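This report walks through a two-chain model, one part at a time. Please keep the sequence and the structure open while reading.

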Amino acid sequence: MMETLHRYGPDLLTGFGFTLLSWALGTVLGLALGFVIEIARRFGPRALGYPIRAYVEFIRGTPFLVQLFVLYYGGPLIGLRLDALPAGILGLTIYGSAYFTEILRAGFDAVPLGQIEAARAIGFRNTTIVMRIMVPVMMVSALPALVNFAIILTKETVILSMITVPEIMFQTQTMMSETFAFVTPILILALFFWGFIETISRFGRRLERRFTHYLIDRT
Amino acid sequence: MTNQQTAPASAHLRNVCKFYGPFQALKDVSLDIPPGKVTCLIGPSGSGKSTLLRCINVLEMYDSGEVRIDDQLIGYDSPGGKPMAPRRLREMRREIGMVFQQFNLWPHMTALQNVTEGLERVRGLSRAEAQSRAREALAKVGLADKESNHPSHLSGGQLQRVAIARAIAMEPRIMLFDEPTSALDPELVGEVLGVMKQLAAEGMTMVVVTHEMGFAAHVADRVVFMERGEIVATGSPREVFDAPSDPRLASFLQGYRERNSLDF
């Protein structure tokens, strides 16, 4: 077994790197896109409402694997020719944005209108109201859901193996088919995800404390 | 010009109408709010007092008529024209301070930050300048020692005084108060009214929607009684409270006296 690990260790580490990279970029870009969509829905022309809703419902209503296939194999039909890794990251971004935008919508809705009116009455512009008032106030209620979805996304990254992104699932499958060992590689994979997600959870809790510090009684 | 920028402003409403769907909240309301004076709006719930107040800084957009701050139209770019450009509206709102029933402080900021935020982001002051001006404003409302408290660590009366400090630090030329003491425990009302009296004595133009008849009687220069979206009676506190000419006003005051069983 040590020999196997020695032989496949470097590949697993590379796979780990690709998993980390696609998760991090997919999450950050998905959150950014979700934020832009939510701002457009909230402050943009009313006509944007329907297309945005259709987008969100389509993404939420279809399996991620299907979306990824459409993007990777169907993309070239409309001139979108992407390598596996960029296609995977774009897929995660689009998939994540639909969920993130819904979490942000609920969060923004929960910001008391009076706090926004107070800012308007003083003469704040909309961007200032969003960045200085709405986002920090919303984070108290939305952050746990955002972290939760970031965690779900870590596990969706394994689907990228289906379009040959050399992430950790892909490496594990290669290892399994070459060595005919199943239990050890799958256990390693499970332990890897557990550790990875535990790290994100801890980071999330720290962020939560940062955004809610003013609610905690210091006396 | 410089003088005009700091001098108390007047406000003028002409034939203002406001609808919420089929419900008409303001019916052809005309009112002149003189500079440097305290105008109190009284009347039963749902009579349109708050709506009228919120039309002055266009937190509610009126549907027809004119609202002017001094001689400048606010809300529309010309009488009966298009809604005014957001940028122009923001510029005019800088001149108008507002204090809300529910305080509406920003919970993630300290008392000091609640006051400095507008000074930095809207007035464009440096942080140091903003802090020094904010500290003056907090001192004025008697909260110099609470500047680093977050709203969750302040009492209702303190919250409202921070809200007043936030408004006056912007050096508005007119102040709107929307039932500023209605959400307060009775024993905390006095501290807020005290700060408002002090502002009135300094010659600030104030428009106050209130259920505090004592405040209206003693501090207002002019009392406006509204019912069902209309101004029914206006006059000095003496005229309104001691010799109500309109039967609806008389009955409103009678009801108030019975509930509070006191004289003013």
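Which residue forms a salt bridge with B:Glu117? The partner is A:Arg132, and the closest N and O atoms of the two are 2.6 Å apart. The model is predicted.

## The interface

Across the interface of chain A and chain B, the rule finds two salt bridges. Six residue pairs are in polar contact across this interface, both residues being at pLDDT 80 or more. Side chains of opposite charge can pair when their charged atoms come close.

How many residues of each chain take part in the contact? On chain A there are 22, and they are in contact with 26 residues of chain B. The area buried between the two chains is about 2,100 Å². Carbon and sulfur atoms give 61% of that area. Three residues stand out on chain A: A:Ile122, A:Arg132 and A:Tyr214. They supply 29% of the area that chain A buries against chain B, more than any other three residues.

## The chain A side

Two helices of chain A, H5 (113-122) and H6 (126-156), each supply at least two residues of the side that touches chain B. The largest share comes from H5(A), with eight residues. By class, this side of chain A has 11 nonpolar, five polar and six charged residues.

## Chain A as a whole

Chain A has eight helices and zero strands. Its pattern along the sequence reads α-α-α-α-α-α-α-α. The C-alpha atoms fill a box of roughly 70 × 55 × 25 Å along the principal axes.

Over all chains, the structure holds 26 salt bridges. One of the salt bridges within chain A joins the side chains of A:Arg7 and A:Glu178, at 3.8 Å from N to O. This pair links distant parts of the chain, 171 residues apart. A:Arg7 sits in helix H1 (residues 2-43) of chain A, and A:Glu178 sits in helix H7 (residues 168-179) of chain A.

## The sheet of chain B

Chain B has an open sheet of six strands with mixed pairing. The strand order is S6-S7-S8-S3-S9-S10. Why is one side of strand S6 (96-99) and of strand S10 (230-235) of chain B left without a neighbour in the sheet? Both stand at the edges, and each has a single partner strand. From one strand to the next, the twist averages 20°.

Strands S7 (residues 174-178) and S8 (residues 206-209) of chain B pair in the parallel sense, over four bridges. Here B:Met175 has B:Met206 in S8(B) as its bridge partner. S9(B) and S10(B) pair in the antiparallel sense, over five bridges. B:Val224 stands opposite B:Thr234 in S10(B). The hairpin of S9(B) and S10(B) has two residues between the strands. In this hairpin, B:Arg228 takes a positive phi near 50°.

## Helices across the sheet

Which strands of chain B does helix H2 (residues 49-56) of chain B lie across? They are S3 (38-42), S6, S7, S8 and S9 (222-227). H2 of chain B runs at about 150° to S7(B).

Helix H6 (residues 156-169) of chain B lies across S6 and S7 of chain B. This helix runs at about 175° to S6(B).

Notes. Residues numbered from 1 in each chain as written. Chains lettered and ligands numbered in written order. Heavy atoms only, no water. Contact = heavy atoms within 4.5 Å. Buried area = accessible area lost by both parts, 1.4 Å probe. Salt bridge = Lys/Arg side-chain N within 4 Å of Asp/Glu carboxyl O. Polar contact = N/O pair within 3.5 Å; in protein donor to acceptor, adjacent residues only side chain to side chain. Nonpolar A, V, L, I, M, F, W, Y, C, P; charged D, E, K, R; others polar. Pairing = 2+ DSSP bridges. Axes fitted to C-alpha atoms, helices over the stretch in contact; angles between N-to-C directions.
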